Structures are given as C-alpha cells and as structure tokens.
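User: I'd like to go through this model and check what each label rests on. Could you show it first?

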Amino acid sequence: MIDHMSVKVKDFDKAAAFYEAALAPLGYVKGIEYPGGLQLHVEGEPGDVWVMALKDDEALLPTHIAFTAKDAEGVKAFYEAALAAGGTDHGAPGPRDYHPGYYAAFVYDFEGNNIEAVIHDFAE
C-alpha cells in the first residue's frame, strides 16, 4: 500500500490545477498547500499524492502513476477531466490486454508524466 508519492513538475501552478481537476472524479481533494507543494488525498484513505515544484538543480524525469477508480464510469470521468484540464490522450477508456478485467485510460500531463486510472474487475 502506498502511503504517499510525489510528482515533480516544472510549472507548479499549472500542474496543481491539472492534478486537482483530473483527480477530482477519483475522489481526491486538496489538502496541505504551500508554495511549491500541494497534497491531494482521498479523505480517510492512505495514498496521498504530492505535486512538488522541481528545485533549481533537479532534472525532470517523467513517471507513470496509476490511480484506482471505483468503476468504469470513474475511469471515463478521470479521462474527460484530465483532457479538459490540459492533458493529452495516451489511451482512451477501454479494456486492456494486461489481464482479464483490466480497464483503464491514460493521459500525459503537460510535462510528459503518464497518468492512468484503472479498475481490475471490468466485465463487458
């Protein structure tokens, strides 16, 4: 179980707005906020996501993050919200061949991070 994770970004304000909008359909809300740092979390659940501004000497290394959705509608809502917030399509909502029941959507944030929403019990 993940306690917390950080996504490093060059443009903090743009990233904070993107992640807040994209993750809202998955139940994430704003928590602690300070210059260059924003916590997003689901009330009462572990797995905080921190959006963090890069320090001057840090290199941006894009990452992949997969968030659990409650159902296929949540995956679709994430995808639509992420695109509306400035994300780029990297895989529309749908079943994947990773294993039976895998249903996901993928978007790139504007800094190249691959963001996914997924369920593992999809039945067509």
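User: Which residue in β4 is the bridge partner of L38?

Analyst: V51 is the bridge partner of L38. Before we go on: this is a predicted model, where local features need pLDDT of at least 70, side-chain atom pairs count only at pLDDT 80 or more, and totals for chains, interfaces and linings use all residues. Residues are numbered from 1 along each chain as its sequence is written, and side-chain values use heavy atoms, with hydrogens and water left out.

User: What makes β3 and β4 a pair?

Analyst: Two strands pair if DSSP finds at least two bridges between them. β3 and β4 have four, in the antiparallel sense, so they qualify. Strands themselves are DSSP runs of E with at least two residues, helices are runs of H or I with at least four, and both are numbered from the N terminus. The β3 and β4 hairpin has six residues between the strands, and G44 there takes a positive phi near 75°. β4 also pairs with β1, in the parallel sense over six bridges; M5 has V49 as its bridge partner.

User: Why is β4 called largely enclosed?

Analyst: Buried means under 20% relative accessible area, exposed means over 50%, and partly exposed is in between (1.4 Å probe, protein chains only). Five of the six residues of β4 are buried, so the rest of the structure largely encloses this strand.

User: Why is F106 called buried?

Analyst: F106 has a relative accessible area of 7%, so it falls under the buried cut-off. This residue is found in β7 and stands opposite G91. F106 and G91 are 15 residues apart in sequence but 4.7 Å apart in space, C-alpha to C-alpha. Leaving aside neighbours within four places in sequence, the contacts of F106 (heavy atoms within 4.5 Å) include H64, Y79, R96 and I115.

User: What makes β5 and β6 edge strands?

Analyst: β5 (64–68) and β6 (88–95) each pair on one side only. The open sheet runs β5-β8-β7-β6, with mixed pairing. β6 and β7 (residues 103–108) are antiparallel over five bridges.

User: How do you know that the length of α2 fits a helix?

Analyst: The expected span is 1.5 Å times one less than the number of residues. For the 13 residues of α2 that gives 18 Å, and the end C-alpha atoms are 18 Å apart, so the two agree. α2 (residues 72–84) lies across β6, β7 and β8 (114–119), at about 10° to β7; axes are lines fitted to C-alpha atoms, for helices over the stretch in contact, and angles run from 0 to 180 degrees between N-to-C directions. Among the buried residues of α2 are V75, F78 and Y79, and what covers the buried ones includes α1 (12–23), β6, β7 and β8. Just after α2, G86 takes a positive phi of about 110°.

User: What makes a group of residues a nonpolar core, and which members touch the most others in the largest one?

Analyst: A nonpolar core is a set of buried Ala, Val, Leu, Ile, Met, Phe, Trp, Tyr and Cys residues joined through side-chain atoms within 4.5 Å. The largest here has 29 residues, and Y19, L23, L26, V51, F67 and F78 touch the most other members. α1 gives the most to this core, with seven residues. Leaving aside neighbours within four places in sequence, L26 is in contact with residues including V42, F67, F78 and A117.
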